[in-house]
Amino acid sequence: MDVFSPFKIKNLIFKNRFIRSATHDWMGNEDGTISDRQLALYKELARGEIGFIISGHSCVEFPRGRAGIRQNRIDDDRFIDGYKKLADVIHEARSLFAIQISHAGLQTNTNFTNGVEPIDHNTIDANDIGVLVDAFTRAAVRVRLSGADAVCVHMAHGYFLCRTLFSDSNKREDEYGRSIVNRSKIALGIIDSIRKAVGLDFPIFVKLNSTGGGDKHIEIEELVAVSTLLEEHGVDLIEISGGVVGSKDNPIDRLNIIRIEDEGYFLERARVVRKNVGTPLSVVGGIRSLSLMNEIIKSNIADFVSLSRPFIREPDLVLRLKNGQEKASCISCSKCRNFDGIMCVFNK
Ligand SMILES: Cc1cc2nc3c(=O)[nH]c(=O)nc-3n(C[C@H](O)[C@H](O)[C@H](O)COP(=O)(O)O)c2cc1C
Ligand code: SF4
């Protein structure tokens, strides 16, 4: 068994263990719909034989939940058609596809929210929590209607749900704070509501922060407790990530991953989750070498490996690795974060 072996979750057969982790591309149309540029990008990724492709995060509530410019939206039925086209180009190349749904929470600013004040996870009231549960649920139903194979709920990188979960960012004193069970209530309420709406057979995936909701790393026990609750609530795959967007001390996309010792910077956290939780797992963060990818699968640390930046430089990376290349060429400089559309600086 290695990274090229198939895997099954519910009725989905993954042709290999590669996941293109969610990657916002700044290529969406200004109105939040899917652009022709995005159709071309995803076609290229799928032709590169990535088993499972997760879209960039799509916002479930507009304008309050928007995280950035040219972000795709899924807060209305009119966005389904674009995602249908995206699902089609990916399925034509026989890859699987999920849409990541997210709410920015505090991790945005009024330039992106058309002047509307962002919501604060620490002060939001029960009424607003209900609005958000509804927004995530309707978005997940649209994911299913678009023909995608799964929905991926964003609980990482300091966005709204991530900050509700962990003790370093959730400072509430009410029924949504103080204990791990209370802090998980909003996220689990959303998972339960989505499950009810999309049915038992439709896979629900979660991208989960392993480091907490802020700049400092939380204790590993907290991560295990949240993962256990996600398992109990029927989540089908947990993708272990970490960090907070824009954080110097705890970045999501660490720089200069050149030596194999620096690769897989959330692996140790994934390893502990694996020991305690039965849900299928993936892990993201600086995974570059084929030998490490195979080691992750063979030693059962995770069932999948997720990559983001390497597929910007080499959309055909899976084929290259199959044909003898030993590692991704990406040097993890993150200079591909280009507001006119992601692009590797070496591919100009
Ligand atoms: C340009 C760019 C956009 C990203 N957009 C998202 C996103 O929409 N959702 C998400 O969960 N993570 C996003 N990420 C984080 C990646 O999915 C991944 O977790 C991180 O880059 C570490 O993996 P890597 O070392 O393989 O790049 C983004 C990263 C980059 C570089
Ligand atoms: S610019 Fe290119 S080499 Fe640098 S992180 Fe992005 S894809 Fe990798």
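Predicted model: local features only at pLDDT ≥ 70, side-chain atom pairs only at ≥ 80, totals over all residues.
1. Local features here need pLDDT of at least 70 and side-chain atom pairs pLDDT 80 or more, while totals for chains, interfaces and linings use all residues. Residues are numbered from 1 along each chain as its sequence is written, chains are lettered from A and ligands numbered from 1 in the order written, and side-chain values use heavy atoms, without hydrogens and water.

2. Ligand 2 is surrounded by 13 residues (a heavy atom within 4 Å). The closest are Cys330, Cys333, Ser334, Cys336 and Cys344. This shell comprises eight nonpolar, two polar and three charged residues (Ala, Val, Leu, Ile, Met, Phe, Trp, Tyr, Cys and Pro are nonpolar; Asp, Glu, Lys and Arg charged; the others, Gly among them, polar).

3. Helices α1 (residues 36–47) and α2 (residues 80–92) have axes that come within 8 Å and cross at roughly 25 degrees. α1 is therefore roughly parallel to α2 (under 35 degrees; over 145 is roughly antiparallel, 65 to 115 roughly perpendicular, the rest oblique). Helices are DSSP runs of H or I, at least four residues, and strands runs of E, at least two. Axes are lines fitted to C-alpha atoms over the stretch in contact, with angles from 0 to 180 degrees between N-to-C directions.

4. The axes of α3 (residues 126–145) and α6 (residues 185–198) lie 9 Å apart at an angle of about 40 degrees, which means that α3 is oblique to α6.

5. Phenylalanine 62 and proline 63 are joined by a cis peptide bond, with omega about 5 degrees. Proline 63 lies in the loop between β5 (58–59) and α2. Arginine 70 is in the loop between β5 and α2 and, although not a glycine, has a positive phi of about 50 degrees.
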